[in-house]
Amino acid sequence: MTSEATVSIESDGAEALFLDTTDNHYLFTTSDDNQIDITRDGALVGPAYDDRHYGDWEMRHVAANDNGGYTALWAAENGQWNVWQMDENGAFLSYNVIEASQLSDYEDQFETDLDGDGEALVLIEDDGNESLYLDTADDHYLFTTSGGNQIDITRDGALVGPAYDDRHYGDWEMRHVAANDNG
């Protein structure tokens, strides 16, 4: 973003969220640096879009979703949370209200620690029944099984991550995980 009137809100993942202070609206850049204005019913959306809806709400994060569009996370002064679904052009499609206890469900999508517990899981892959993550809190790999169980990856009792042991993993990254016939 080159405009002096554009203020960065967050850039935790591939997309970055901004507030254009010239006309007080939210916009974001995509992973390939395209700029997209956030709209609802054809109007630009910002903190003062409509006091009935957004007077005490702030957009906090934006990220691509699996439907070819984008997801935005809103926070209210009273502690409420709201998740917007948007199309590929940043236009509002739908929303749902979530509880603070559900914030961790969105941490891998937004690539940040949303609930303040010091843990943030970054999705590496989910091509099969298992999903591989990097836990950024203590820099180790873990995966979820097809049944939803979370399992830390260890070697000789120590958590394994990108910096586990430079002799073994200094130039290596874990890319996929899958169940085998040995259980």
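Reply: Let's start with pairing: two strands count as paired if DSSP finds at least two bridges between them. Strands (E, at least two residues) and helices (H or I, at least four) are DSSP runs, numbered from the N terminus. This is a predicted model, where local features need pLDDT of at least 70 and side-chain atom pairs count only at pLDDT 80 or more, while totals for chains, interfaces and linings use all residues. Residues are numbered from 1 along each chain as its sequence is written, and side-chain values use heavy atoms, with hydrogens and water left out.

The part to look at is E12, which covers residues 131-135.

Now for the neighbours of E12. Strand E11, residues 121-125, runs antiparallel to E12, with four bridges joining the two. Five residues sit between E11 and E12, and the two strands form a hairpin. E12 also pairs with strand E13, residues 140-144, again in the antiparallel sense, this time over five bridges. Here Leu132 has Phe143 of E13 as its bridge partner.

An open, antiparallel sheet of four strands runs in the order E7-E8-E9-E10. Its edges are E7 (57-64) and E10 (92-98), each pairing on one side only. From one strand to the next, the twist averages 25 degrees; angles like this run from 0 to 180 degrees between N-to-C directions, with axes fitted to C-alpha atoms (for helices, over the stretch in contact). Inside that sheet, E8 (residues 70-76) and E9 (residues 81-86) pair antiparallel over six bridges, and Trp74 has Asn82 in E9 as its bridge partner.

One last stop is a salt bridge, that is, a side-chain nitrogen of Lys or Arg within 4 Å of a carboxyl oxygen of Asp or Glu. Searching the whole structure turns up one: the side chains of Glu58 and Arg60 meet at 3.6 Å, N to O. Opposite charges on side chains can pair when the charged atoms come close. Glu58 has 44% relative accessibility, so it counts as partly exposed, and Arg60, at 35%, is partly exposed too.

Notes: Buried < 20%, exposed > 50% of the residue type's maximum accessible area, 1.4 Å probe, protein only.
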